[in-house]
Amino acid sequence: MQESEKTTSNPEPMQNGEAMSPDAQDSRGPPGDEENQGAIPSAPPLPQEPLPCPRPRLVFHTQLAHGSPTGRIHGFTNVRELYAKIAEVFDISASEILFCTLNSHKVDMQKLLGGQIGLEDFIFAHVRGETKEVEVVKTEDALGLTITDNGAGYAFIKRIKEGSTIDQIKTVCVGDHIEAINDQSIVGCRHYEVAKMLKEQQRGTPFTLRLVEPKKAFDMIGQRTRAPKSSEGKMVTGKETLRLRSKGSATLEEIPSEFEDKAIKKVDDLLESYMGIRDPELATTIVEAGKNKKNPDDFAEALDSVLGDFGFPDVFLFDVWGAMGDVKNGRL
């Protein structure tokens, strides 16, 4: 699926990579060569800087989830650029894309595009469909929603807990983008901000949600998808993955080790328990911050340096540290 551009080899450097000193050269030509006698040798050229080796061009195949021809995209380094490339291929606005799934056109949260794309993965883009508005009355502290976001400003529903307040409202579905709460737009908010707003709604007081559902293909009409209770699987088929970061450029990385994979899934479960969100990229960042730390204080300091905006509670940090220790020692 991916194509690599052929690279031209760098010009051969001079012997030993150094220019010879004029003093080291014989200023006289070969014996008997009268024309060269006494000639001043010209200075040898300075060694050239090695040309940077161009990165291979990774090409991915993509379709619109509700149906389209297949497009080819490359040259993106983060999620926003990925959406822009998909939009360009299909002549739509990038703001139309709600989220992407890997290797399935269905609204399947186990196959949601997160922070990594396997080199053989096929990308399906889910675009805006119908807008709907629902009135919600909190009957208990938790609504029964797990919120995530697409990394480009759209928060959406990733899980609906069976028997919860939201589960009783049959028009609300997994995959619906939450566009506004009580007519206040939340476009541009991160998932944890949206989860906090929903938690702050008063019990017994009605509030409204404006939702945008993904455009459905014919075989998806009438579905009300509920994500399974098990942890989301990682859709990786290549030996390497393209890691998309919210800050900085994408990097080509090896598939996470067994320890990292188990730890990421466990941390993702803890994020849902404590914050009502699931975010494999965030869980990966947390695991990376803590995998080489010797104690909880060093871990908390490292986490604060990269994710200070989240303001994680201490009890969450200790549970994460304990879970990572359990995974490392084979207890999970």
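I count two residues as in contact when they have heavy atoms within 4.5 Å of each other. Helices (H or I, at least four residues) and strands (E, at least two) are DSSP runs, which I number from the N terminus.

**Entry 1: ground rules.** I am reading a predicted model, where local features need pLDDT of at least 70, side-chain atom pairs count only at pLDDT 80 or more, and totals for chains, interfaces and linings use all residues. Residues are numbered from 1 along each chain as its sequence is written, and side-chain values use heavy atoms, with hydrogens and water left out.

**Entry 2: the whole chain.** I looked up the secondary structure and found 6 helices and 12 strands in the protein chain. I call a residue buried under 20% relative accessible area, exposed over 50%, and partly exposed in between (1.4 Å probe, protein chains only). The protein chain has 332 residues, and 41% of them count as buried. Next I checked contacts in the protein chain with a separation of 6 or more: 64% of these join residues 24 or more positions apart. I took the accessible surface from the Shrake-Rupley method with a 1.4 Å probe; for residues, only the protein chains shown count as cover. The total for the protein chain is about 18,200 Å², and carbon and sulfur atoms hold 49% of that.

**Entry 3: helix α2.** I went to α2, residues 191–199, and listed its buried residues: His191, Tyr192, Val194, Ala195 and Leu198. They sit on the same side of α2, because they cover an arc of only 160° around the axis. The arc is that of the directions from the helix axis to the C-beta atoms. What do the buried residues of α2 pack against? I found β6, β7 (155–160), β8 (177–181), β10 (206–214) and α3 (258–275).

Entry 4: I picked Thr148 in β6, which spans residues 145–149. Thr148 has 3% relative accessibility, so I log Thr148 as buried. Leaving out residues up to four places away in sequence, Thr148 touches Leu112, Tyr154, Ala155, Phe156, Lys158, His191 and Arg278. His191 is also among the buried residues of α2.
I then moved to Glu179 in strand β8. Is Glu179 buried or exposed? Glu179 counts as buried, at 14% relative accessibility. With the same exclusion of residues up to four places away in sequence, Glu179 touches Arg128, Thr131, Gln184, Ser185, Ile186, Val187, Arg210 and Val212.

**Entry 5: helix α6.** I checked the span of α6, residues 314–328. Its 15 residues reach 21 Å from first C-alpha to last, close to the 21 Å expected at 1.5 Å a residue. The expected span is 1.5 Å times one less than the number of residues. Phe316, Leu317, Val320, Trp321, Ala323, Met324 and Val327 are the buried residues of α6. They line one face of the helix, because they fall within an arc of 160° seen down the axis of α6. I noted Asp314 and Phe318 as exposed residues on the face turned away from the buried side. The cover over the buried residues of α6 includes α3, α4 (280–290) and α5 (296–307). Just after α6, Gly330 has a positive phi of about 75°.

**Entry 6: two spot checks.** Leu58 lies in the segment before β1 (60–64) and counts as buried at 15% relative accessibility. Leu58 and His74 are 16 residues apart in sequence, with 5.9 Å from C-alpha to C-alpha. Ala84 lies in α1, residues 79–90, and is partly exposed, with a relative accessible area of 37%.
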